[in-house]
Amino acid sequence: MRIDPAELEIFKNLFHSVAEEMGAALRRSAFSPNIKERRDYSCAVFDGRGAVVAMGDHMPVHLGSMPRSVSAAIEHLSLGPGDIAVLNDPFAGGTHLPDLTCVMPVFAGGKGRGAKSNPAFYVANRAHHSDVGGAQPASMGLSEEIYQEGLRIPPVLLVQNGKPERDVLAMLLANVRTPTEREGDLTAQIAACKLGEQRLQEMTRKYGTRRIDFYLAALQRYSARLMRAALTRIPNGTYRAEDFLDDDGYSTQPVRLRVAIEIKGGRAIVDFTGSSPQRRGGVNAVLAITTSAVFYVFRCLLGEEVPACAGLLDPIEVIAPEGSVVNARPPAAVAAGNVETSQRIVDVLLRALARALPHRIPAASSGTMNNLSFGGIDPRTGVPFAYYETIAGGMGARPTANGLSGIHTHMTNSLNTPVEALESHFPVRVRRTSLRRGSGGRGKFQGGDGIIREIEFLTEVRLSILSDRRCFPPYGLAGGQPGKPGNNTLTTKGRTRRLPSKTVVNVPPGSILTIETPGGGGWGKFSTGKDRKD
């Protein structure tokens, strides 16, 4: 069979549409504001070997790491028709504990147990749950080991032959603060998997197994060829950079991220040797996260229409020393590795590539997800609540344009929680949400501005913040100035104090939290002349 370029494009978009429709179903049927409003979820389609073939336009930190979850489910379980696995263990295919991943095989011949011996596809989705137990409400607090961060789930069957595994679900719900919300979000994930199964089976009936298998393989080869072509356009050489996380929450010692990118003959070796050893606090990233960041950065070198297939990584080798902050060993705490270290990995990769492609790489964006979580007992209902959100910042200026303001960048692609949703669901009052004017770095092109988010707590809460770029500001490029670093403050009974970038505190009613997020770095030297870009 010969490849028809038009059909290749059709199948690329067909698989992508399945992932997108799964995401829409998950969003509409979820219970929590974090998934329904902020869209903190991702969906993808995999071939029968477990290689990703299509990703929804969702969260890069989820999507690049999800293949390891699918591989773990395939390795540890014998999945039959109607089965759905669930897992979150960062050391068995997961990322951090709040991210629950569901994996379902899709059998082309029908739904019976003997329909076909091997799956034709797998579908998977990942959603960040606002609480999975652990020491802190919302399971995103400062911790020293993974056992403090929440319930750790290896690959297990959540649904078998179409029927929920009630014992597994009961065990999970007994270990979280908000079981009704968790059950609702998990049910939405199950529904999204079943919808993906239905659409892929319809596609198989329409086009036939042989034709679909041919184009699944063709898409993988096509994406690998496009990546190799992109790498050949980068001058051969080794490009180095380093950057730092402020701290790990337990000491003031910065956390080093170091990379050397060797480009040679259409291939790339990305070597993180020299990065800090894994740390006491939860800034440790597992290998899935590091690989995800590499996938994201190199995919950014290609056009938007390139298929997001496993083939993109074929010409790229990742070296991440075991026991380092970019490839942590258990029982390391990892909650912030997913959200903060992933962003810094992107920053250091782009900084290195800027040496090779100075007129293509933007300045550093805010470089932090500004993770805010809190929980307590809702005085309106008398039941526990737990809330989690990330707060946007400034985008780095680009070589041809200013950075955007108040936007989620790089490894995150979520929205904010609308004030109305936040105040109706939780005992808080949002006093201010605005742009942080002047926080973007100056340059020929200006970095985007961060955000100021001010929240008043109407009841006693346990508050957790995992943020960064409070000490090391987002860098500028080509003579551009750095963005302004972020700042966290808490006002209680008229007294204001500065909070560390990573902290857990008990907060009395009436306290006001203010988070000022970093601006993006500027690009090019600032001028007051006619070449100044507004």
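Is arginine 267 buried, partly exposed or exposed? Keep in mind that this is a predicted model. The relative accessible area of arginine 267 is 42%. Buried would need under 20% and exposed over 50%, so arginine 267 counts as partly exposed.

Arginine 267 sits in strand S10, which covers residues 267-271. On the surface it belongs to a patch of positive charge, together with Arg221, Arg225 and Arg228. The biggest contributor to that patch is helix H7, residues 209-232, which supplies three residues.

Now the strand. This is S20, residues 512-516. How many of its five residues are buried? Five of the five, so S20 is largely enclosed by the rest of the structure.

In general, side chains in a regular strand alternate between the two faces of the sheet. For S20, both faces are covered. Ile512, Thr514 and Glu516 are buried on one side, and Leu513 and Ile515 are buried on the other.

Which strands pair with S20? One is S15, residues 450-457, which runs antiparallel to S20 over five bridges. Within that pairing, glutamate 456 has isoleucine 512 as its bridge partner. Another is S17, residues 487-492, also antiparallel to S20 and also over five bridges. There, asparagine 487 stands opposite glutamate 516.

To recap: arginine 267 is partly exposed and part of a positive surface patch, whereas the residues of S20 are buried. That is all I have.

Notes: Residues numbered from 1 in each chain as written. Predicted model: local features only at pLDDT ≥ 70, side-chain atom pairs only at ≥ 80, totals over all residues. Heavy atoms only, no water. Buried < 20%, exposed > 50% of the residue type's maximum accessible area, 1.4 Å probe, protein only. Helix = DSSP H or I, 4+ residues; strand = E, 2+ residues; numbered from the N terminus. Pairing = 2+ DSSP bridges. Patch = residues over 30% accessible without salt bridge, like charges linked within 9 Å, V, L, I, M, F, W, Y side chains within 5 Å. Areas by Shrake-Rupley, 256 points an atom, 1.4 Å probe, with all protein chains shown as cover. Salt bridge = Lys/Arg side-chain N within 4 Å of Asp/Glu carboxyl O. Lys, Arg positive; Asp, Glu negative; His and termini not counted. Charge placed at Lys NZ, Arg CZ, Asp CG, Glu CD.
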